[in-house]
Amino acid sequence: MELIKYVRDLNTMEELFPAIHRYALENRVPVIDSDALNVVKQYIQIKGAKNILEIGTAIGYSALHFASAADGVHVTTIEKDEASHNLAKDNINAAGFSNKITAILADAKEVDLKDGRFDFLFIDASKGNNQLFFDKYKEYLTDDALIIVDNIFVRGLITDDNVENRNKRKLRDKVRNFNQAMKDSEYSTSFLNVGDGLLVIY
Ligand SMILES: C[S@@+](CC[C@H](N)C(=O)[O-])C[C@H]1O[C@@H](n2cnc3c(N)ncnc32)[C@H](O)[C@@H]1O
């Protein structure tokens with residue numbers, strides 16, 4: 001058995017929201033990989049995070065999982081696409097999580113959260129804007145907050161030196177620059193080869 005599959009199978013937990021996960025797969029909604037999800041949920045548990053901010057709701061799949069990771073967790077999640085946001089709201093209500101998840105319809109590049117101190121930030125929106133999201137939202141974090149960025153390998157693009165498409169090359173370079181900037185920063189970082197790559201920043 002292939003090692004990656006072996007580890008993935010070990011990491012993958014019983015699906016708590018099978019209908020939403022199925023919908024995502026069938027409709028090509030890009031939701032977090034199951035093995036990466038397991039890792040992020042464990043970080044939430046270890047950290048004892050209570051107030052999570054997520055950039056990129058899609059249909060609410062990861063937000064529902066994060067809110068289920070431990071007692072007393074509240075998730076605020078931002079999505080700019082109205083149809084996805086509405087579907088997320090429906091999924092959150094149907095799962096009985098409306099008191100645990102606040103879904104905001106807005107462009108995360110522009111939104112002003114006014115107040116709120118978050119002890120956990122999950123960045124999972126437009127990958128070329130990771131640096132912008134990081135700079136903007138670190139202002140809303142507690143001093144000991146944990147930040148996790150998903151898809152830092154951009155589905156293999158990150159190590160491809162022969163990308164022909166100009167936009168893809170630009171995206172690759174932006175994510176490379178962000179990853180390197182985080183590595184060179186004052187923060188403690190780890191780059192995890194799980195799912196499509198997770199960057200953990202403390
Ligand atoms: C990878 S999906 C999120 C998946 C979700 N976190 C999950 O795992 O279930 C990325 C989402 O970010 C949204 N998005 C992209 N740019 C955004 C922005 N500037 N502000 C808010 N949402 C954005 C997209 O519309 C898309 O639904």
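Visitor: Where is the place of Leu3?
Guide: Leu3 sits in helix α1; helices are DSSP runs of H or I with at least four residues, strands are runs of E with at least two, and both are numbered from the N terminus. This is a predicted model, in which local features need pLDDT of at least 70, side-chain atom pairs count only at pLDDT 80 or more, and totals for chains, interfaces and linings use all residues. Residues are numbered from 1 along each chain as its sequence is written, and side-chain values use heavy atoms, with hydrogens and water left out.

Visitor: Is Leu3 buried or exposed?
Guide: Leu3 is exposed, at a relative accessible area of 62%. Buried means under 20% relative accessible area, exposed means over 50%, and partly exposed is in between (1.4 Å probe, protein chains only).

Visitor: Which residues make the nonpolar surface patch?
Guide: Met1, Leu3, Tyr6, Val7 and Leu10 make it, and the patch covers about 590 Å². Patches take residues with over 30% relative accessible area and no salt bridge; nonpolar side chains (Val, Leu, Ile, Met, Phe, Trp, Tyr) are joined within 5 Å, like charges within 9 Å. Accessible areas come from the Shrake-Rupley method with a 1.4 Å probe, and for residues only the protein chains shown count as cover.

Visitor: And which residues gather in the patch of positive charge?
Guide: Lys80, Lys109, Arg166, Arg169, Lys170 and Lys174 gather there, on the surface. Lys and Arg count as positive and Asp and Glu as negative, while His and the chain ends are not counted. The place of a charge is NZ of Lys, CZ of Arg, CG of Asp or CD of Glu.

Visitor: Where does Lys109 lie?
Guide: Lys109 is in the loop between β3 (101-105) and β4 (118-123). Lys109 counts as partly exposed because its relative accessible area is 37%.

Visitor: Salt bridges next. How many in the whole structure?
Guide: A search of the whole structure finds 10 salt bridges, each being a side-chain nitrogen of Lys or Arg within 4 Å of a carboxyl oxygen of Asp or Glu.

Visitor: What does Arg8 form a salt bridge with?
Guide: Asp33, with the closest N and O atoms 3.4 Å apart. This pair links distant parts of the chain, 25 residues apart: Arg8 is in helix α1 (residues 3-11), Asp33 in the loop between α2 (18-26) and α3 (34-47). Arg8 is partly exposed at 30%, whereas Asp33 is buried at 14%.

Visitor: What about Arg155? Which residue is its salt bridge with?
Guide: Asp196, where the closest N and O atoms are 3.8 Å apart. Here too the pair links distant parts of the chain, 41 residues apart, with Arg155 in the loop between β5 (141-150) and α7 (166-183) and Asp196 in the loop between β6 (189-192) and β7 (198-201). Arg155 is exposed at 57% relative accessibility; Asp196 is buried at 5%.

Visitor: Which residues are linked in a network of salt bridges?
Guide: Arg8, Asp33, Asp35, Arg155 and Asp196.

Visitor: Changing topic: where is His85, and what is it in contact with?
Guide: His85 lies in helix α5 (residues 82-94), and at 8% relative accessibility His85 is buried. Leaving aside neighbours within four places in sequence, His85 is in contact (heavy atoms within 4.5 Å) with Ala58, Glu79, Ala103, Ile104 and Leu105.

Visitor: And Asp124, buried or exposed?
Guide: Asp124 is buried, with a relative accessible area of 14%, and its place is in the loop between β4 and α6 (130-137). Beyond four places in sequence, Asp124 is in contact with Ile55, Gly56, Asp150 and Asn151.
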